[in-house]
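Reader: I have the sequence and the model open. Please take me through some of the local features.

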Amino acid sequence: MSTSHKPWINTYPTDVPEFIEPSKYNNINEMFVNSFSKFADKTAFVNMGHSLTYQELNDKSDAFAAYLQCELKAKKGDRIALMMPNLLQYPITILGALKAGLVVVNVNPLYTPRELEHQLRDSGASIIVAVTNFGDSLQKVIDKTSLKHVILTSIGDQLAPHKRTLVNFVVKYVKKMVPKYHLPSAISLRRVLTEGKRMEFNAPTLEHDDLAYLQYTGGTTGVAKGAMLTHKNIIANVLQVFAHFGPRTAKENELAVTPLPLYHIFANSVSMMLMMYMGGTNLLITNPRDLKSFVSDLSKYPFTMIFGLNTLFAALLNNSKFKALDFSSAQFTIAGGMATQKHTADEWQKITGMPIIEGYGMTECSPVVAGGIHTQQEYVSAVGVPLPSTELRIVDDNGQPLSTGEVGEIQVRGAQVMKGYWKQEAETKAILTSDGWLSSGDIGRMDSDGIFYIEDRKKDMILVSGFNVFPTEIEEVATLHPKIVEAAAVSVPDDVAGERVKLIVVTSDPVTVDDIKKHCRQHLTGYKIPKVIEFRDELPKTNIGKILRRELRD
């Protein structure tokens, strides 16, 4: 991109409002009443070749809510854990739980028993809906939790009867993906939905401040904490994202692709909730790491929009069949979860014709607080500008606002900011001020145009002889090397400088340490050059693909 060309400016286009009005809906359920009515016969979700209309989604989620109320005697405010990948079962159960007034606890199905036990115990969940593939993990911890009811579903349960039987057989007996477990009191989700249809559902009174989710942070900074997200928080963020990006979308004609897990707040609020609010159609990818199946699904679906993050884009760009797809319908890509590397974004646009527009946020903010403007025509390495009804500022270590161009911590204030951490008053006070400013833990700056930039995570910063070194800069430079696929920079102790840079790399072909250092010297000043370089077959990542620098440091 030439320095004279600016793909977007800090002022909103005339079709983007400065403010949104979350008060127009009392709760999340009211936000989708129009979608269920107006788009009743339209496809809401597609998964594994099977579709679910808005009418079917409404009916099935009503049945689930009725069963929770009538049979399980669930009350408003009870916690329900959902533990499954992207399947049609997910939107059915989360909407049913929200309709019944329950608080959703999203659980990563790949959690170890230790991680699962912590989240279930801490949240106090009394009900769980889980895929049978993970029944053995649940069995190991259930006696240590508050769970009273277990609802199980198999991968293919919401598919057409013939395909359901085939998929479930292959998953269990051919691929052997369902380890043995013993949960004798568990009931099947299919039975729940069948019986729930005959029961009466009575919608509880739900207001803005009622909890909708306990959304646990990834735990990369210690024990995972539950962010208390209210109905107002989620409503606000859906309306904010729609106001910010909506003018570029095809609205009810949008054909979106969601490969990121719906149990993660980015995919949950932006991919799922936004598409439902607009009346769009959403292709759910159950296992995006199975690139063969993923690309096959894309070849049958003339998608207009895709959600993702850097590691996913890089993997797809290395797939020859993906690069051969027809992208004539594709319009743009929304990225979140981690910084997109510019060379990846440039290659993505070259192959697909779609610019990547970044959104920036955090679990505690439901999650989006800023992003590139919808008029953007190419990737820009910036957070962008605040969403409507959102304030951002840069502060020093004492919480005092800094001037344009100065580097400090980003703070955010808006209707999407969480109520606090579940049962963690001290942790809440440490991050959330009395006047509503949330400390992000991200180091950034704002330029003279009001555009925000991320320098790095506060906790990841490396201090070399008094100079701040930001890992993302080192990683960006490293991956410019044609043989380096992925890279992560962390600190290592140094007797002279205090800390030095260690670089861990994954390569496509053999390359020497000297070659990598020579490459880095071309782009980095002396104190930023990695002192230690380590080669690995893969880097540890979170469930959505963020590199776990903390694990690498440890």
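Reader: How many bridges join strand S4 to strand S8?

Author: This is a predicted model, where local features need pLDDT of at least 70, side-chain atom pairs count only at pLDDT 80 or more, and totals for chains, interfaces and linings use all residues. Residues are numbered from 1 along each chain as its sequence is written, and side-chain values use heavy atoms, without hydrogens and water. Strands (E, at least two residues) and helices (H or I, at least four) are DSSP runs, numbered from the N terminus, and two strands pair if DSSP finds at least two bridges between them. S4 (residues 103-106) and S8 (residues 211-216) run parallel, and the number of bridges joining them is two.

Reader: Which strands are the edge strands of the sheet?

Author: The open sheet has eight strands with mixed pairing, in the order S7-S6-S5-S3-S4-S8-S9-S19. An edge strand here pairs on one side only, which leaves strand S7 (187-188) and strand S19 (420-421).

Reader: Which residue in S8 stands opposite Val105?

Author: S4 covers residues 103-106 and is joined to S8, residues 211-216. Opposite Val105 stands Leu214.

Reader: Is Thr249 buried or exposed?

Author: Thr249 sits in the loop between H9 and strand S10 (255-258). Buried means under 20% relative accessible area, exposed over 50%, and partly exposed in between (1.4 Å probe, protein chains only). Because its relative accessibility is 9%, Thr249 counts as buried.

Reader: How far apart in space are Thr249 and His374, C-alpha to C-alpha?

Author: In sequence, Thr249 and His374 are 125 residues apart. In space, C-alpha to C-alpha, the separation is 8.7 Å.
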